[in-house]
Amino acid sequence: MSEQSEETRLTEAQLKEALSNELVGSWLWNIQKNKVVTDERIAQAFNVSPTKALKGLPLSTFLKAIYLDDRQRVEKEIQSSLKRGKKLRIECRIGGPGKTHRWVVARGSIERDKASLPITAKGVIIDITDRKEIEMALSESESRLRFMADTVPQLLWTSDTEGNIDYYNKRWKDFTGLSLGNVERDRRSKLLHPDEREKVEKTWNHSIKTGKPYEMEYRLYHADSDSYLWVIGRAVPYRNKAGKIIKWYGTATEIDEQKRSANIQRYLANVSKELASSMDYETTLRKISQLCIPEVADWCSVELLNDDNEIEQVSVAHIDPKKVSLAKEYREYNPPTIDQPTGVPAVIRTGKSEFYPVISEELIRTSIADKKVRDFMLGLHIRSIIIAPIKAQDKPIGAITFVSSESGRYYTQADLTMAEDVASRISLSLTNVRLFNESMQELTRRRQLEKELLLEKQRLESRVKERTEQLQATNAGLREEIIKRQKIEKERIDDLIELNRSKDEFISLASHQLRTPATGVKQYVGMVLEGFMGKIEPAKRTILEKAYESNERQLRIVNDLLKVAQVDAGKVMLKKSNVDLKQLLEDVIREQASNYKEKSQTITLTNKVDDATVVVDPSSIRMVVENIIDNASKYSEEHSKTTVTVREKADAICIDVADQGVGVSETENSKLFEKFSRLDNPLSTKVGGTGLGLYWAKKIMTLHDGTITYRANRKKGTVFTICLPKPVKV
Amino acid sequence: MHKILIVEDEDILREAYYATLSSQGYQCDVAENGKVALEKCQTTTYDLILLDLMMPVMSGVKFLEKFMPNVPDGTEVVVLSNLSSGVELEQAMDLGVYRCLLKSDVSPKELVAAVRNELGDEG
């Protein structure tokens, strides 16, 4: 049944053809006898005699009329049809030089015997010159269109209303390496990058359904580089006059470079932003490695030298966390050492980037010995690697690695520039961070030092304060002590003064008391001695005289004591008046004349002053003078000479009493004017003095603003000098 | 016969002066202090009063204050004291005493001489 339907279909087509084209004629070919019978028109067309043609001519005669260029083909096609098949359809040109060619098509059917050998064939020949011309013209314009389609830089395609692609331009074919024949659905799946595949198909299906045009970016497989490149794909529907979509026209324009460039720029901007945003460089570096996934790289890792000079991986990123763990495992298994000839260690050592634009499987297989490592590397499907050095203050301290693998693209110079740019930005930032940290450390150190200094200062101040307080306390204590002691001393002095005063008072009192009984003795013994009781025998008289003398001495002592006590207590009242010292001396000398006479001593008075008037208390000065003159006699031997001289100085009148007596020795020097001082020599015991005279004399002289002094006499004896101030002349 | 009043608080001295002066023929009275002396002066007018200054009950100066304003014409007062100087002596002199004798200086003979002098006696 199918055979028949096919035959029917053919006849219909033939009819169609016939109807649309000019029928030339019909023919009959006896294949076994090699006779072709045609009608007149065919004969004319083929340039053979119609009469002969009616009878029958061999095939070759007709073949001669075929255009030389087609002849070989026609013969081949005839043979091929004869071998198999039931139909015959051969197009060719007929005509020779000088004639315009005509296109004809010979169509027929072949009858075969039981052995399937061809017996006869019959059919028609149709002139298809017009059609052919149109076809050629069409083909020409098609060619032109195709040429245009093939020359534009875009990739072009067309599809039917169901989305079946029926045309790809040359560019497309060149780009993807695929052409119409082998673009089946699963082949087509390789065309699109897995990441965009779903989206693209979804969008395309949506467009087909809705008739809406689309425009989107996706990656298309590029055969030459065996990688995926970015394109921007568009599709618009073509509608007929009725508005019905009859075809879809699509384009794809490569934007890979722009896209990658844009990605790089965006990544660089993000890198800068991250570097500027935080000082925590570990986090920042981690972010930087993550940011480049997947637009700029499939893998990214940052490695830095730690303090022990080992290479530490600060971050490693990939879109699949499982792969990240795998990479970390691998690194533990095969850690990089600084001495390795290539890779991160080499980059850190040399400070120069390493760029492997194309890594083939072969390269991996031959260059890596360790099977585990090799398998790992192969499993990653690495395409390209860039390792750029990270520096701090121009010293390489690490590296950033970009790896392209699953995305299926190869890195270019532009990517290397990007990698080095990122590395240098990181370097700058790290340098800044280091410098900042150093200065922060410095600052911290300074602050610490300042704090310590302040603490020290405070400590010192508090110590000083303590000490000061201690000292103050000590001082206060000392002062208190001093005050206390001063008080005690004052009290003691007061006590002493009081004691002294009470002693003086006592002496005074005692002396006073003593005077009465002594006076009593004087009266009673005196009465007897002075004859008030009658005559007494010389022997009794002598004894009484001794008693009387002794008593007189006692009285003298007591009187002296009282005088001294009085002057000590400051109770001497001087009644000053004008006294002529010359006169005074004369009086005193006269009084003492008997004393001197007794010891056969002489005393002379020499006056060298015109006016020897002084303003003094007469009685006390007299007593002083008496004392000195008396002493001069007492302390000199018999027949000695005493000289009294009155002289004057600028503002004083002086009396010198020079004796030839015992003199004053060195040891007695200092004590002469003290109480109870008595010269230590034989004479003094006979003297009967009280030892108070000179003490009292000095006091009296002092009260008169005068002086009493002594010096040794030239040869022997002493010179006592008293000086009294001259009266102030008004 | 001249009358002498001996005003002296010390027994031993009073008796000595009394003995001395009586032996020379003077009529002597004694008083141991100023108060007694005043009493005695009220009943008797003396030619000479020998007056000690330092006495209990009433001192010599106090006596003079009381006595001197109304001193009888013929009465002489001589201070016989142990003070050689001092306020009391000054006061006594201010009150009209012209003569002072220092007890410890005066032997019996000298006392008699001084009394005779005052009274204008010879012998």
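How many helices and strands does the secondary structure of chain A come to? In this predicted model, the count for chain A is 21 helices and 22 strands. The views below start with the whole chain and then zoom in on one sheet.

**View 1. Chain A as a whole.** Of the 730 residues in chain A, 39% are buried. Take the contacts with a separation of 6 or more: 58% of them come from residues 24 or more positions apart.

**View 2. An open sheet built from 5 strands of chain A.** Read across the sheet and you get the order E17-E19-E20-E22-E21, with mixed pairing.

**View 3. Strands E19 and E20 of chain A side by side.** E19 covers residues 641–648 and E20 covers residues 652–658; they pair in the antiparallel sense over 6 bridges. To spot one bridge, find Glu648(A), whose partner in E20(A) is Ile653(A).

**View 4. Helices H19 and H21 of chain A against the sheet.** Helix H19 (residues 618–634) lies across E17, E19, E20, E21 and E22 (718–725), running at about 170 degrees to E22(A). Helix H21 (residues 693–703) packs on the sheet too, touching E21 and E22 of chain A. The direction of H21 makes about 130 degrees with that of E21(A).

Definitions and conventions. Residues numbered from 1 in each chain as written. Chains lettered and ligands numbered in written order. Predicted model: local features only at pLDDT ≥ 70, side-chain atom pairs only at ≥ 80, totals over all residues. Heavy atoms only, no water. Pairing = 2+ DSSP bridges. Helix = DSSP H or I, 4+ residues; strand = E, 2+ residues; numbered from the N terminus. Contact = heavy atoms within 4.5 Å. Axes fitted to C-alpha atoms, helices over the stretch in contact; angles between N-to-C directions. Buried < 20%, exposed > 50% of the residue type's maximum accessible area, 1.4 Å probe, protein only.
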